[in-house]
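Dear colleague,

Please find the structure below, handed over for your use. The notes that follow it describe what was found.

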Amino acid sequence: MGLMGSLYVGSSGLQTSQNALNTTAHNLANVETQGYVRQQTVLQSSQYRTIGQSYISPMQTGLGVSTQTVRQVRDTFLDKSYRTELGRQGFYDSQYETASEIENLLGELNGVAFQDTMKEFWTNLQELAKEPDNLVKRAALVETSVSFVERAENIYKQLSEYQVNLNTKVSNYVQRINDIGDEIVELNDKICFYESNRQENANDLRDKRNSLLDELGKMISITYRENDDGRITVNAEGMPFVTEMVAMKMDTITVTELRKKEMGDEAFFDDESGNMENSEMLIPIWSSYGDSEVFNRDNVPETVNNTDVGSLKGLLLARGTKVGKYVDIPVAPDQNNYLNDDGEVDMERFEEATRAYEDAVKKYNKTINPSIIMSSQAQFDQLIHGIVTKLNDIFCPNKEVVIPGGTEVTLADGSKYTYEEDTVIHILDTDRAPVGQDGPPGTMGVELFSRKSMDRYLPPQSIDIIGGETIENAYIFIEENPTNNYSLYTVGEITVNQELIANKSLMPLSSNKNTGDYDVAAVERLLEVWNTPFATIDPNTLTKNSFSDYYNCYIGTLATKGEKMKTISDSQAGMVESIDNQRTNVIGVSSDEELTNIIKFQHAYNAAARYVNVIDEMLEHIVTRL
């Protein structure tokens with residue numbers, strides 16, 4: 001029995017050394033395989049056989065060595081850190097790519113800058129101011145205005161198309177996330193099956209699963225844990241994504257469809273709660289959890305709370321949920337607009353307007369400002385709106401009047417509208433308005449830029465104003481209404497006045513005194529308006545800019561955002577590389593180390609073989625001598 005037991009010791013050495021050599025060979029074969037984790041054979045003492053009993057302990061002899069397990073060499077802490085930082089890199093990469101694309105659309109990187117169009121427009125304004133009566137100069141301004149509108153519309157259209165085209169990217173992300181969920185479930189089943197005997201480890205399958213977790217961690221914020229049976233469960237954005245048996249599916253839904261579910265079919269524009277406007281932008285939802293949104297838009301992206309993780313979230317944040325317009329940028333109230341009858345500031349009304357402005361700023365910083373595309377659209381639209389309306393106000397100046405409640409006016413379609421209370425309205429200021437050269441008396445009230453679907457004024461009509469005065473042939477200005485896109489002087493709804501294109505002499509720059517001279521004050525205002533501060537780039541800055549300065553600030557702000565995202569992304573890339581290098585040092589296959597292991601286990605195999613030979617010779621000697 002002793003010699004037979006010794007023979008078993010030798011055979012266990014042969015078998016275990018062979019297993020270790022096979023593992024080492026497997027490592028060497030996969031030294032360049034992406035995602036492969038090196039494996040290690042862990043040895044343990046085999047069973048013991050009791051041969052007697054001493055005073056203090058049993059007398060035992062060992063039966064050799066056995067393979068305890070073939071394990072993967074991983075550091076779970078590095079894995080989690082790697083996936084978190086990789087997801088954060090993806091978050092900022094998505095936003096940097098978006099900022100770069102917007103810069104390309106504006107032409108700042110390929111020599112066709114929109115700023116050139118603005119300079120050309122300003123040059124023609126200056127030339128016209130030198131010779132206001134020159135029809136050639138007027139024609140040049142009209143043609144430049146057409147180019148200005150077309151270029152602005154082209155940029156705005158490309159921004160909107162790029163924004164919508166990102167839906168495809170969002171859909172691809174969602175589809176890939178769902179596919180990864182299904183693959184993890186399938187791998188869970190296989191790993192559980194192969195490891196059910198508690199003797200084997202499905203290490204290659206675990207490699208595939210860990211590679212999927214790496215890919216998933218870049219797209220969306222995840223947490224995960226492994227159960228006792230080898231299955232892994234995954235939470236995505238705080239919701240169960242992969243359970244023990246099934247993957248919960250994501251889906252996409254348009255903003256319009258989502259708001260219908262939330263609000264019904266009522267009041268469907270941009271509500272006061274700060275929610276999203278109707279649009280065809282896709283939003284990821286959990287179809288398995290009552291179509292709830294995957295991402296909580298109330299969470300401000302910040303590193304300290306790990307809410308800036310995932311390229312999908314970064315893409316959605318950069319894209320936004322609607323097309324940004326100038327009406328999305330809050331304008332601080334001016335005390336001069338809140339004067340009472342005594343000429344003093346009505347503090348109650350002014351403070352109420354200030355509170356409303358502060359609420360609007362909070363909404364802007366929550367919904368518009370974080371989106372690179374929406375904020376760029378809104379700021380660009382504010383520039384175009386400023387140029388268009390400021391010039392129109394020179395050609396067609398308005399004045400405020402107050403009409404009493406009960407006043408009935410005729411609308412453009414011939415219907416009637418009655419003001420329920422005293423209301424401040426704007427009408428054409430006939431005292432200050434210049435006229436065209438088609439007189440005398442000359443046409444007044446002809447704007448340079450028109451709304452495509454709405455006239456500037458209602459048909460001329462007689463109105464009574466507070467104070468007892470009656471104004472005959474009053475041109476009532478049709479106010480811009482944020483809830484009616486057709487009423488806005490916004491990009492896409494602006495065109496050059498067709499009357500001016502057809503007849504340049506209608507451009508109102510002549511004096512309304514019927515002297516035949518040009519209107520000196522109007523011409524001076526044309527030159528002054530370009531260099532007069534008109535708006536801040538956003539409500540978070542205090543400096544108002546002229547048209548040229550605004551555009552420079554606009555480009556600078558966009559470049560600053562892009563550079564900021566690039567800096568963070570590059571920093572994250574360095575961190576990810578550092579963690580990956582540490583992880584590779586743990587999980588990577590070193591050919592030198594594996595060659596050393598080959599030599600070690602080969603010597604062990606040879607030693608076990610020689611040991612078996614010795615025992616065999618001893619048995620042969622005993623048998624032949626009996």
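Helix axes are lines fitted to C-alpha atoms over the stretch in contact, and the angles between their N-to-C directions run from 0 to 180 degrees. Please keep in mind throughout that this is a predicted model.

With that convention, helix H7 and helix H9 pack with their axes 4 Å apart, at an angle of about 10°. Angles under 35 degrees count as roughly parallel, so H7 is roughly parallel to H9. On the H7 side the contact is made by Leu317, Ala318 and Arg319, and on the H9 side by Ile372, Ile373 and Met374. Five of these residues are nonpolar, none is polar and one is charged.

Helix H9, residues 372-395, also packs with helix H2, residues 76-105. Here the axes lie 10 Å apart and the angle is about 30°; H2 and H9 are therefore roughly parallel to each other. H2 contributes Gln95, Thr98, Ala99 and Ile102 to this contact, while H9 contributes Ile372, Ile373 and Ser376. The residues of the contact comprise four nonpolar, three polar and no charged.

A further partner of H9 is helix H12, residues 547-587. The axes of H9 and H12 come within 11 Å and cross at roughly 175°. Angles over 145 degrees count as roughly antiparallel, so H9 is roughly antiparallel to H12. The residues that meet from H9 include Ile372, Ser376, Gln379 and Gln382. Among those on the H12 side are Phe547, Tyr550, Tyr551 and Tyr554. By class, the contact divides into nine nonpolar, five polar and two charged residues.

Several individual positions were also examined. Isoleucine 329 sits in the loop between helix H7 (311-319) and helix H8 (347-367). Is isoleucine 329 buried or exposed? Its relative accessible area is 4%, and because buried means under 20%, isoleucine 329 counts as buried. Beyond its neighbours within four places in sequence, isoleucine 329 is in contact with Tyr364, Ala378, Gln379, Gln382, Ile537, Asp538 and Pro539. Glutamine 379 lies 50 residues away from isoleucine 329 along the chain, and their C-alpha atoms are separated by 7.7 Å.

Leucine 125 belongs to helix H3, residues 114-130. With a relative accessible area of 1%, leucine 125 is buried. Leaving out residues up to four places away in sequence, leucine 125 touches Leu141, Leu391, Leu526, Leu527 and Trp530. Tryptophan 530 is 405 residues from leucine 125 along the chain, with 9.2 Å between their C-alpha atoms.

Threonine 430 is found in the loop between strand E14 (423-428) and strand E15 (449-451). At 38% relative accessibility, threonine 430 is partly exposed. Not counting residues up to four places away in sequence, threonine 430 touches Met444 and Asn512. The C-alpha atoms of threonine 430 and arginine 225, which are 205 residues apart along the chain, are separated by 76 Å.

Two residues other than glycine have a positive phi, as follows. Aspartate 291 has a phi near 60° and is placed in the loop between strand E9 (282-286) and strand E10 (292-293). The relative accessible area of aspartate 291 is 24%, which makes this residue partly exposed. Asparagine 306 has a phi of about 55° and lies in the loop between E10 and H7. Asparagine 306 is likewise partly exposed, at 39% relative accessible area.

As regards cysteines, how many disulfides does the model have? The count comes to zero. Cysteine 396 is buried, at 0% relative accessibility, whereas cysteine 553 is partly exposed, at 27%.

Finally, a word on confidence. The mean pLDDT of the protein chain is 86, and 95% of its residues reach 70 or more. Over residues 267-276, however, pLDDT stays under 50. The model has 28 contacts beyond four places in sequence for that stretch. Where pLDDT is low, the predicted coordinates should not be read in detail.

With kind regards

How values were computed
Residues are numbered from 1 along each chain as its sequence is written. This is a predicted model: local features need pLDDT of at least 70, side-chain atom pairs count only at pLDDT 80 or more; totals for chains, interfaces and linings use all residues. Side-chain values use heavy atoms; hydrogens and water are left out. pLDDT is the predictor's confidence in each residue, from 0 to 100. Contact means heavy atoms within 4.5 Å. Buried means under 20% relative accessible area, exposed over 50%, partly exposed in between (1.4 Å probe, protein chains only). A disulfide is a pair of cysteine sulfur atoms within 2.5 Å. Angles under 35 degrees count as roughly parallel, over 145 as roughly antiparallel, 65 to 115 as roughly perpendicular and the rest as oblique. Ala, Val, Leu, Ile, Met, Phe, Trp, Tyr, Cys and Pro count as nonpolar, Asp, Glu, Lys and Arg as charged, and the others, Gly among them, as polar.
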